[in-house]
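User: I would like to go through this model term by term. Please set each value against its definition.

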Amino acid sequence: MQTFHVLFLTLGYFLVVNAQSFHLGRCPIPPVQQNFDIAKYMGRWYEIQKLPAVFEFGTCNQATYTLLPEGVVKVVNAELLSNGMENSIEGTATVKNSSQPAILEVSFFEGASSAPYWVLSTDYESYTLIYACTNYLGFFYVDFAWIMSRSRTLQEETITELHNLLTSNGIDIKRMTVTDQTGCTAMTQEGVSVTAE
Ligand SMILES: *[C@@H]1O[C@H](CO)[C@@H](O)[C@H](O)[C@H]1NC(C)=O
């Protein structure tokens, strides 16, 4: 009992200090995009805002999705580092249950555990809203969200609607940050058109 109490206090302190996107309780379960069409979703997306993702440091963040055979999606995430170098990482995303096509799992390293990738809302042509949440130990969770656009900007009205969609589903967006999409011409993939197969 004593040990548990100490553990709980320590963990509580850790959660408060590292209050990133840690929350007590269990993951919200927002509805996902109806009739999700993965083929229309392929191609380039630019990050407009995100709930802090500690593994991203650069600017000009972008994701490029390509549909491979067997319904596997090739994922290439790229960003510009402050030293002017482009940093990119390649992974795959898959739909686990074909009756829930907007719920994907993405993994970047062989053998590493996959992360959720839920498409909450997209019109395929201008915006997408992605949510990822993982429960830990049954009493807290860590979540991420990304608002992405087909261009490096997105209409304020759309951003507001997506914020409302998140908050109305119990998702805390206080820590949402705006991604710097200026000065991106150094990105080598800039201007290369990427089309889905
Ligand atoms: C797939 O999703 C459907 C609808 O939500 C659910 O009823 C079914 O149990 C799921 N199948 C598996 C294998 O998880």
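Analyst: Helices (H or I, at least four residues) and strands (E, at least two) are DSSP runs, numbered from the N terminus. By that count the protein has three helices and 10 strands. Their order from the N terminus is α-β-α-β-β-β-β-β-β-β-β-α-β. This is a predicted model, where local features need pLDDT of at least 70, side-chain atom pairs count only at pLDDT 80 or more, and totals for chains, interfaces and linings use all residues. Residues are numbered from 1 along each chain as its sequence is written.

User: How do you know where confidence is lowest and where it is highest?

Analyst: From pLDDT, the predictor's confidence in each residue, from 0 to 100. Helix H1 (residues 2-17) has the lowest mean, 52. Helix H3 (residues 156-168) has the highest, at 98. Over residues 191-197 the pLDDT is below 50. Where pLDDT is low, the predicted coordinates should not be read in detail. The protein averages 86, and 83% of the residues score at least 70.

User: What makes S2 and strand S3 (residues 59-67) a pair?

Analyst: Two strands pair if DSSP finds at least two bridges between them. S2 and S3 have four, in the antiparallel sense, so they meet the definition. Tryptophan 45 stands opposite alanine 63 in S3.

User: Which bridges join S2 to S9, and which join S2 to strand S10 (residues 177-178)?

Analyst: Four bridges join S2 to S9, running antiparallel. Glutamate 47 stands opposite methionine 148 there. S2 and S10 are antiparallel over two bridges, so this pair also qualifies at the threshold of at least two. Lysine 50 has threonine 177 of S10 as its bridge partner.

User: Why is one set of residues called a nonpolar core?

Analyst: The name is for buried Ala, Val, Leu, Ile, Met, Phe, Trp, Tyr and Cys residues joined through C-beta atoms within 7 Å. Buried means 20 or more other C-beta atoms within 10 Å of a residue's own; exposed means 12 or fewer, partly exposed in between, with C-beta atoms placed from the backbone. The largest such core has 25 residues, and Trp118, Tyr131 and Met148 are among those that touch the most other members. Strand S8 (127-136) is one of its suppliers of at least two residues. S8 gives the largest share, six residues.

User: What is tyrosine 131 in contact with, beyond four places in sequence?

Analyst: Contact means C-beta atoms, placed from the backbone, within 7 Å. The partners of tyrosine 131 are Pro30, Trp118, Leu120, Asp143, Ala145 and Ile171.

Definitions and conventions:
Two residues are in contact if their C-beta atoms, placed from the backbone, lie within 7 Å.
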